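Visitor: Hi, I've just opened this one for the first time. Can you walk me through it?

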Amino acid sequence: MTARRATIATGEISPQLGTALVIVLTALWAIPFCWMLVAAFRPEMFGGSGMASLVPDYLPTLANFREAWESADFIRYGLNSVLICGGILAVQLTTMSLAAFAFARMRFPGRTALFYLFLTQMMLVPIVLLVPNLRTVAQLGLYDTLLGVMAPYFATAFGTFLMRQAFQSIPRELEDAALVDGARWWQLILHIYLPLAKPALIAFAIVSVTSHWNEFLWPLMVINSPDNRPLTVGLAMFTLGAEGAQAWGVIAAGTFIVIAPLILGFVTFQRRFINSFMTTGLK
Amino acid sequence: MSEIAIREPLVARAAAHRAAWRWRDLRAYALLAPSLVFLTAFTYWPVVQVLWNSVHEQDKRAVSFVGWKNYAAILADPAFRHAFVNNLIYAAGTIIPSLVLALGFALALDRSSRLNTLLRSVLFLPVLVPLVAAASIFLFIFLPGVGLLDHYLARLGIAGVNWIGDPDVALASIIGLTVWKNAGYYMLFFLAGLQGIALESYEAAILDGANAWQRLWYVTLPALKPTVAFVIVVALINVVTQVDHIFVLTKGGPADSTNLILFYVYQQAVEQYDIGKASAATVVALVILLAISAVSLSRSDREAQA
């Protein structure tokens, strides 16, 4: 199929549309990252004009990283981000698997209505509701806590929708066989449905973790004390601080520290990343 | 007598059956309960709250019903009007170029080869990084005088401008950053859409004597229509819900030239402590989001019927 596709596609307009043009544009797309790399290892220049050069015409130094590392507690921010993403994902996996099982395999009055009620969450994007949610979080005593950052995301209509589809595609015969063997409903979920829905689970996990890892405005509102900041908030505060000092190399180093884990993950699981972003569509 | 004898077990069985069903219903609701609790607390209840807050006024002593006053207040607020108009410009300014670029990238990189895979990955990279991190990098790119853009423009003999400091240019700069950030994401959907086009349609077109441009125009583009519709919805939602870069780069300024609706909500809530205005602006954002969903749903309905 791919081989056939390739031979035919050669005649299509697309390659002629200018591989050259796309290569130039891609180079343009890479420039911000290139600058970040070059600037991060550049010796201190006190905001000099050479800062903008994309040519690494210097002896690389780790001074910027040292300064970034000392002026912001990136380890702590990173740990907070890990806790937030991990906590959200763990609860999401539980709530969405249970709900998806009910929607996929059980008949009960009001099923369709409830399903549509779930789906409204996909339109009422949580971030837009930050003002009332902040009040709720405060009333629950979760202001300035990681749990407060996580709470609005514990239920996911999107995940439920994805898992319901995955569960529905699993043959019922497997369930029947397990029931004959005396399995309980939760054993069905744990030993049959979840293992078979693994691709969907992984796709959801990647999208969930990336989007919460990158989230900014909501944690910015919930978190007050510096020790509870996730990476994004930590980086923004650090950047705004270093901007005043014109310490561009330090900003580049700090940014590099923050995005390196993501890029490392992407390079390692490239295909999975791309596939999950594609199958899941909405972030 | 015999009739009763026959009916009794039937009735009993039916009752047992119903009881069993009720028990199973209960279990279904129990499985949905955890999700429903969180959805109620953080999706449905907040919607009720913003609607209620948007027609009430709160001061230290009392809460009073004020009707449309908050809405009138945001409409009279130049900052909100700016944010609203900016959001429209921002939507058109980011979505059209992103879509055209994403489609171009996908068409050019459709074939699998080492080089194409590498180029796709580079184009996808900005999608992965947090918007805040992207903004941190662009802070220097947009820096007047010694920044990356001005530095290289000067080499070409072009005088730069104050990219995020000049009210006439700032929104365009923010748009540029957003296009850079999102085009690679939309490219993925077009790549998937291209994979879905049957080779037979190209073969038929070739047999009919269509040249490469005609095949692009009459085969490829019509087949990608649903993808375009889907990407537009995703892009519209992004335009309403993502404002992180505004916080780092401009804080909505200068002179509200880069303010967006969601950032205005943030400002009203966090800087002005005006929950009434923040809620009214939130309702406006929600209505926009619901309108986007409604239009896309009715579209897909029509396509399903056709």
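Guide: Here is a short chat about a residue, some domains and a chain contact.

Guide: This is a predicted model, where local features need pLDDT of at least 70, side-chain atom pairs count only at pLDDT 80 or more, and totals for chains, interfaces and linings use all residues. Residues are numbered from 1 along each chain as its sequence is written, while chains are lettered from A and ligands numbered from 1 in the order in which they are written.

Visitor: Where is Arg272(A)?

Guide: Arg272(A) sits in helix H16 of chain A, residues 270-280 (a helix is a DSSP run of H or I, at least four residues, numbered from the N terminus).

Visitor: What does Arg272(A) touch, leaving out residues up to four places away in sequence?

Guide: Ile202(A) and Ile206(A); contact means C-beta atoms, placed from the backbone, within 7 Å. Ile202(A) is 70 residues away from Arg272(A) in sequence, but their C-alpha atoms are 8.2 Å apart.

Visitor: Switching to chain B, which domains does the assignment give?

Guide: Domain 1 (2-54) and domain 2 (69-305), with bounds from an automatic or database domain assignment. Their centres, taken over C-alpha atoms, are 43 Å apart.

Visitor: How many residues of domain 1 of chain B are in contact with domain 2 of chain B?

Guide: Four, and they meet eight residues of domain 2 of chain B.

Visitor: And how many residues does each chain bring to the contact between A and B?

Guide: Chain B brings 79 and chain A brings 80. On the chain B side, helix H1 (residues 2-54) gives the most, with 17 residues.

How values were computed:
Helix = DSSP H or I, 4+ residues; strand = E, 2+ residues; numbered from the N terminus. Contact = placed C-beta atoms within 7 Å.
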